[in-house]
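This report describes selected features of a single protein chain. Please consult the sequence and the structure while reading.

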Amino acid sequence: VYTETGVTPYYVLQDTAEVYAAPDIAAASVKLTPGTRVSVGRYATGGKLPDGKYINWYEVSYMADDKMAAGYMYTPDLLQNTSLRYKNVDFVYEIAAVTEGDYAAPVTFKAVKNGQTLASHTFQIAVEAADDPQVTVISGDGLDGVAFVAKLAFNGEMCGIPIYEYHFAWTGEVLVKLPEAISMSGEGIEISYAETVIMPADGAPWGAIVKTVATYEPIGGEDSYETKDDFAAQFYRWDGKEAVPVKQTPEILNYKSEN
């Protein structure tokens with residue numbers, strides 16, 4: 001049974017952290033005890049710490065002395081964001097703070113049980129895409145031994161900022177990184193491309209993962225809407241431990257006509 005999926009995320013605090021009265025590091029604050037669960041309302045605003053690190057503020061609520069309280073917290077203020085809990089394991093992501101001039105922000109996605117990290121994967125995304133992460137769940141049906149697939153998505157919502165979709169399979173013991181989809185479009189971009197990853201639960205063959213890529217290149221000048229379009233697909237076979245690329249051969253592609 002999945003819980004806390006597709007809903008407002010909450011935070012798991014691994015250490016003490018502070019809740020501020022306003023989205024300002026100089027505002028009055030209170031410290032929370034380790035393990036406090038904090039409900040996150042929504043992204044409030046961006047900010048900057050005295051050491052030059054850029055951070056994001058979020059509206060939060062929490063329980064204090066059996067009463068509900070509210071305020072603001074920033075990431076990463078000793079916080080781990082989790083939108084998914086499966087049985088007794090939390091699946092969390094952390095977005096590292098960045099300094100002025102940084103183009104990429106490191107992101108870590110990991111499985112945590114009783115405060116201990118079971119597995120983790122780290123990757124980088126464009127800073128402009130880091131404000132609004134979303135975690136959703138895809139059924140593990142069709143992938144042997146996979147309880148579910150977690151999709152961590154980042155949408156920059158700006159021209160020229162990539163859209164990222166990272167996929168992770170949970171086997172009950174291991175968190176496996178699956179093929180990713182990174183798409184780019186926008187005014188002034190010579191070639192736009194769109195990537196999609198399809199799991200068996202979404203229509204790919206049993207035991208297979210399909211990644212499609214479509215490119216669109218403007219031709220005919222600035223006033224023309226004509227494009228040169230190309231398409232391709234990469235197939236992966238889930239072998240129970242990882243997604244292994246499958247080479248397409250003429251024998252398979254021509255099987256129907258030859259038999």
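## The surroundings of Glu-195

A polar atom of the Glu-195 side chain lies 2.8 Å from the backbone nitrogen of Ile-182. The model is a predicted one. Glu-195 is placed in strand S18, and the side chains of Glu-195 and Lys-211 are joined by a polar contact of 3.4 Å.

Is Glu-195 buried or exposed? Its relative accessibility is 18%, so Glu-195 counts as buried, the cut-off for burial being under 20%. When residues up to four places away in sequence are not counted, Glu-195 touches Glu-180, Ala-181, Ile-182, Ser-183, Lys-211, Thr-212 and Val-213.

## The sheet that contains strand S18

Strand S18 belongs to an open sheet of four strands, arranged in the order S18-S19-S20-S21 with antiparallel pairing. Its edges are formed by strand S18 (192–198) and strand S21 (243–246), each of which pairs on one side only. From one strand to the next, the twist averages 25°. In a regular strand, side chains alternate between the two faces of the sheet.

How many bridges connect S18 and strand S19? Seven bridges pair S18 with strand S19 (residues 208–218) in the antiparallel sense, and Ala-194 stands opposite Ala-214 in S19. The antiparallel pairing of S19 and S20 extends over 11 bridges; here Val-210 has Phe-235 in S20 as its bridge partner. Strand S20 (residues 227–238) is in turn joined to S21 by four bridges, and these two strands run antiparallel. Across this pairing, Arg-237 stands opposite Val-244 in S21.

## Aromatic pairs

A pair of aromatic rings is described by the distance of the centres and the angle of the planes. In the whole structure, the search finds 11 aromatic pairs. For Trp-57 and Tyr-74, the ring centres are 5.2 Å apart and the planes stand at 75°, so this pair is edge-to-face; the cut-off for that class is an angle over 60 degrees. Trp-57 lies in strand S6 (residues 53–64) and Tyr-74 in strand S7 (residues 67–75), so the pair ties together parts that are 17 residues apart in sequence. Trp-57 counts as buried because its relative accessibility is 2%. Tyr-74, with a relative accessibility of 11%, also counts as buried.

Phe-109 and Phe-168 form a stacked aromatic pair, with 4.6 Å from centre to centre and 25° between the planes. This pair links distant parts of the chain, since Phe-109 is in strand S11 (residues 104–113) and Phe-168 in strand S15 (residues 163–170), 59 residues apart. Both Phe-109 and Phe-168 are buried. They also belong to a cluster in which ring pairs link Phe-109, Phe-123, Tyr-164, Tyr-166 and Phe-168.

## Two exposed residues

Where does Tyr-103 lie? Tyr-103 is in the loop between strand S10 (98–99) and S11. With a relative accessibility of 72%, Tyr-103 counts as exposed. Residues up to four places away in sequence aside, Tyr-103 touches Ile-125, Ala-126 and Val-127. Tyr-103 and Val-127 are 24 residues apart along the chain, and their C-alpha atoms are separated by 5.6 Å.

Thr-122 is found in strand S12 (residues 116–126). Its relative accessibility is 53%, so Thr-122 counts as exposed, given a cut-off of over 50%. Apart from neighbours within four places in sequence, Thr-122 is in contact with Val-107 and Thr-108. The side chains of Thr-122 and Thr-108 make a polar contact of 2.9 Å. Between the C-alpha atoms of Thr-122 and Ile-95, which are 27 residues apart along the chain, the separation is 9.8 Å.

## The chain as a whole

The chain contains two helices and 21 strands. Of its 259 residues, 37% count as buried; among them are Glu-195, Trp-57 and Tyr-74.

Among contacts in the chain with a separation of 6 or more, 44% are accounted for by residues 24 or more positions apart. The chain exposes about 14,600 Å², of which carbon and sulfur atoms supply 50%.

Key:
Residues numbered from 1 in each chain as written. Predicted model: local features only at pLDDT ≥ 70, side-chain atom pairs only at ≥ 80, totals over all residues. Heavy atoms only, no water. Pairing = 2+ DSSP bridges. Axes fitted to C-alpha atoms, helices over the stretch in contact; angles between N-to-C directions. Buried < 20%, exposed > 50% of the residue type's maximum accessible area, 1.4 Å probe, protein only. Contact = heavy atoms within 4.5 Å. Areas by Shrake-Rupley, 256 points an atom, 1.4 Å probe, with all protein chains shown as cover. Phe/Tyr/Trp six-rings, centres within 6.5 Å; stacked < 30°, edge-to-face > 60°. Polar contact = N/O pair within 3.5 Å; in protein donor to acceptor, adjacent residues only side chain to side chain.
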